[in-house]
Amino acid sequence: MVPTQYSLPDTSVLNTIAQAESLDNDRLIRLIQAGRVVVPRNPRRLCPPCAIGEGCKVKVNVNVGTSQGLCDPALEKEKAEAAIQNGAHTLMDLSTGGDLPAIRRMVLSSPVPVGTVPIYEAVRRAGSVRDVDADLLFTVIREHCRDGVDFLTLHCGVNQDVLRSLREDPRRMGVVSRGGSFHVAMMAAQEEENPLWSEFDYLCEILDEYQVVVSLGDGMRPGCHEDATREAKTVEYLNLGRLARRAHHLGIPRMIEGPGHMPLEQIGYNVRMIKELTDYAPLYLLGPLVTDIASGYDHVVGAIGGAIACKHGANFLCMVSPSEHLALPRVHDIIEGTRASVLAAHIGDLLAGREDARNREIMMGKARQELDWEKQFNLSLFPEVARSIHDRDQEKETCSMCGDLCAVKMVRDLFTTPDDNGTA
């Protein structure tokens with residue numbers, strides 16, 4: 001199905017993206033027009049372009065935001081800055097406490113694309129999730145677009161069919177997506193359809209007016225491994241497929257959000273299924289988390305799941321922090337979680353066969369063989385971390401692990417023959 005119209009970034013933006021992603025301009029245009037690449041970039045708040053999808057480097061998002069229990073905008077600003085410094089390509093403001101418009105504007109001052117979840121603010125304004133109606137929700141969506149938000153997570157696929165599946169095939173954790181739970185509660189209380197589903201074309205008119213990317217939310221993502229095969233997740237997948245096709249037909253760029261907790265062996269099947277159902281729209285994942293019992297180390301678990309997901313076609317990883325399931329992240333949690341996700345993204349680029357990622361690996365091998373520490377630091381994903389660890393024991397030519405028994409130096413010297421001038 002050919003879109004009725006599909007807006008492309010201007011030529012200079014396309015050139016910038018093509019160069020950054022090592023893509024031919026014509027191929028990039030085809031991928032955008034096919035809905036396989038999106039460029040979240042609200043014209044009301046221009047920031048450096050970031051392309052997400054097929055043929056592009058895997059991107060990393062980091063969530064920041066206040067809660068009712070811990071509302072410190074200065075802390076959120078520090079977290080946003082730390083995320084970007086450690087490799088985040090985008091931010092999402094998930095604030096639920098304090099002056100939400102002011103906090104959003106603060107996050108929007110960041111030099112990367114920013115996403116939000118408008119239902120959070122709608123619930124705060126209404127005072128209760130049961131009192132959120134379509135008019136309020138669409139009003140908040142418009143305000144976020146007008147403020148310059150680049151992409152919106154909207155749980156459009158959580159409809160009455162999903163609610164029915166939750167009742168007929170109950171899950172251990174029920175609904176763990178906050179946005180998903182809000183829509184379930186709204187439908188149950190009002191006995192009406194989710195307006196984001198029933199009035200999806202109207203939503204697309206708003207998105208088209210402001211040129212904002214929709215991220216079709218995973219309201220039914222499993223919250224534990226036991227729920228990974230329950231029906232509600234699959235019903236939502238089918239809904240997201242229908243919505244992705246409809247949005248594309250209307251010329252609306254869209255991403256799809258995917259599963260949360262999931263056994264490792266199920267990741268490939270689920271990623272491929274979502275991709276097929278949505279005509280290979282860019283896929284945005286939290287994790288997946290491949291074990292439920294790593295509290296305090298869920299950033300590591302998420303990185304493992306994320307790398308596997310990238311192997312099967314995931315394009316966009318949402319940072320999981322060490323404080324996942326435990327507390328609102330602090331700056332240290334953001335740093336560690338971002339680094340783990342950046343590592344997973346690089347592995348994803350290697351699995352995709354990206355030449356730039358592979359060349360970096362080759363150069364690191366050469367730098368290690370030569371014991372060239374400066375090159376090793378510069379090629380590392382996190383140079384200052386590598387430098388600080390190496391330098392703490394004051395070793396010069398080798399590291400303090402082996403010292404004068406360095407295997408690399410011993411074998412290198414063994415196979416190096418001096419030339420006629422006595423030099424190697």
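This is a predicted model: local features need pLDDT of at least 70, side-chain atom pairs count only at pLDDT 80 or more; totals for chains, interfaces and linings use all residues.
Eight strands close into a barrel. Their order is S3-S4-S5-S6-S7-S8-S9-S10, and the pairing is parallel. Neighbouring strands of this sheet are turned against each other by 25° on average, direction ignored. Helix H14, residues 331-351, packs on the sheet. H14 touches S3 and S10. The direction of H14 makes about 160° with that of S3.

Strand S3 spans residues 59-64 and is mostly covered. Six of its six residues are buried. Their side chains take two directions. Lys-59, Asn-61 and Asn-63 point one way from S3. Val-60, Val-62 and Val-64 point the other way. Both sets are buried, the lysine and the asparagines as well as the valines.

With strand S10, residues 316-318, S3 pairs in the parallel sense over three bridges. Here Asn-61 stands opposite Cys-318 of S10. Asn-61 is also among the buried residues of S3. With strand S4, residues 90-93, S3 again pairs in the parallel sense, over four bridges. In this pairing Val-64 stands opposite Asp-93 of S4. Val-64 belongs to the set that points away from S3 together with Val-60 and Val-62.

S3, helix H3 and S4 make a right-handed β-α-β unit, with H3 covering residues 73-85.

Strand S5 covers residues 114-116, and strand S6 covers residues 151-154. These strands run parallel and are joined by two bridges. Gly-115 has Phe-151 of S6 as its bridge partner.

A helix pair was examined as well. Two packed helices are described by the angle between their axes and the distance between the axes. Helix H7, residues 160-168, and helix H8, residues 178-190, pack at an angle of about 90°. Their axes lie 10 Å apart. The angle makes H7 roughly perpendicular to H8. On the H7 side, the contact is made by Gln-160, Leu-163, Leu-166 and Arg-167. On the H8 side, Val-184, Met-187 and Ala-188 take part. The residues of this contact divide into five nonpolar, one polar and one charged.

Terms used: Residues are numbered from 1 along each chain as its sequence is written. Side-chain values use heavy atoms; hydrogens and water are left out. Axes are lines fitted to C-alpha atoms, for helices over the stretch in contact, and angles run from 0 to 180 degrees between N-to-C directions. Angles under 35 degrees count as roughly parallel, over 145 as roughly antiparallel, 65 to 115 as roughly perpendicular and the rest as oblique. Contact means heavy atoms within 4.5 Å. Ala, Val, Leu, Ile, Met, Phe, Trp, Tyr, Cys and Pro count as nonpolar, Asp, Glu, Lys and Arg as charged, and the others, Gly among them, as polar. Buried means under 20% relative accessible area, exposed over 50%, partly exposed in between (1.4 Å probe, protein chains only). Two strands pair if DSSP finds at least two bridges between them. A crossover is right-handed if, with the strands pointing away from the viewer, the path from the first strand over the helix to the second runs clockwise.
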